[in-house]
Amino acid sequence: MKKLFILLGVVLGISTVSAQKFARVNVQDIVVAMPEFEEAQKNLEAFGKDLNEQMEQIQVEFNNKLADFQKNQATMAASVKQMRQQELEQLQQRFSEFQQIAQQDFQKKQAELLEPVQKKAQEAIQKVAKANGYIVVFDTSVPSLAYIDEAQTTDIAATVKKELGIVDKPAAK
């Protein structure tokens, strides 16, 4: 009798596993197709442009002072020459520090702008997965899986895009 229950459990377990549904979606493709992503990219580009303009101003200031120093150093008193060299070094250091801070600010801004877009995509994927009975959805944009049998999984990209109101643009001719 005990063997019958074990056999029945194994048969039921196998049929339950085969009834489970798996899906796949390229999350990156979904995010890039969202209008919010395009808006975030525009804002990020404008932010980056402002940072670059500020870096260019510092670079121009440095180049002008360096050219002036090189042109006039032969006639400068030793104390003036030393002061100008220190000024150039400080300006160069300020530029390097600004570059590092600007890079950090850019990364923070990028995360700030893209997080809501990614969250919205994730929520749509979860909604589609639950509505269609998928127990697992694999993200194919991340090469962390060694293998996915595409015949055994369903690509839900079109359904997720529909959920988000994304209309695919026709292919260029």
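1. A residue is called buried when its relative accessible area is under 20%, exposed when that area is over 50%, and partly exposed in between. Phe 138, with a relative accessible area of 24%, is therefore partly exposed. The model is a predicted one, and the points that follow should be read with that in mind.

2. On the overall architecture, the chain contains 5 helices and 3 strands, and these follow one another along the sequence in the pattern α-β-α-α-α-β-β-α. Of its 173 residues, 22% count as buried. Among the contacts between residues at least 6 apart in sequence, 83% join residues that are at least 24 apart.

3. Helix H3 covers residues 35–72, which makes 38 residues, and the distance from its first C-alpha to its last is 56 Å, close to the 56 Å expected at 1.5 Å a residue. Its buried residues are Phe 37, Ala 40, Leu 44, Gly 48, Leu 51, Met 55, Ile 58, Phe 62 and Phe 69. The elements that cover these buried residues include helix H2 (27–33) and helix H4 (78–131).

4. Why does the end-to-end distance of H4 agree with its number of residues? At 1.5 Å a residue, its 54 residues should span 80 Å, and the end C-alpha atoms are 79 Å apart, so the two values agree. After H4 comes Gly 133, whose phi is positive, near 75 degrees.

5. Lys 81 and Phe 69 are 12 residues apart in sequence and 7.9 Å apart in space, C-alpha to C-alpha. Not counting residues up to four places away in sequence, Lys 81 touches Phe 69, Gln 73 and Met 76.

6. On the H4 side, Lys 120, Ala 121, Ala 124, Ile 125, Lys 127 and Val 128 take part, and they meet Thr 159, Val 160, Glu 163 and Leu 164 of H5. The residues of this contact divide into 6 nonpolar, 1 polar and 3 charged.

7. Leaving aside neighbours within four places in sequence, Lys 161 is in contact with Ile 30, Ala 33, Ile 166 and Asp 168.

8. Turning to the strands, Phe 22 is found in strand E1 (residues 21–25), and at 26% relative accessibility it counts as partly exposed. Phe 22 and Gly 133 are 111 residues apart in sequence, yet 8.7 Å apart in space, C-alpha to C-alpha. Once neighbours within four places in sequence are left aside, Phe 22 is in contact with Tyr 134, Ile 135, Val 136, Phe 138, Gln 152, Thr 153 and Thr 154.

9. Phe 138, one of those partners, is placed in strand E2. The C-alpha atoms of Phe 138 and Asn 26 are separated by 8.2 Å, while the residues are 112 residues apart along the chain. Beyond its neighbours within four places in sequence, Phe 138 is in contact with Phe 22, Ala 23, Arg 24, Val 25, Leu 145 and Ile 148.

10. Thr 153 is placed in the loop between strand E2 (134–139) and strand E3 (154–155), and at 10% relative accessibility it counts as buried. Not counting residues up to four places away in sequence, Thr 153 touches Phe 22, Ala 23, Arg 24 and Ile 148.

Conventions
Residues numbered from 1 in each chain as written. Predicted model: local features only at pLDDT ≥ 70, side-chain atom pairs only at ≥ 80, totals over all residues. Heavy atoms only, no water. Helix = DSSP H or I, 4+ residues; strand = E, 2+ residues; numbered from the N terminus. Expected span 1.5 Å × (residues − 1). Buried < 20%, exposed > 50% of the residue type's maximum accessible area, 1.4 Å probe, protein only. Contact = heavy atoms within 4.5 Å. Nonpolar A, V, L, I, M, F, W, Y, C, P; charged D, E, K, R; others polar.
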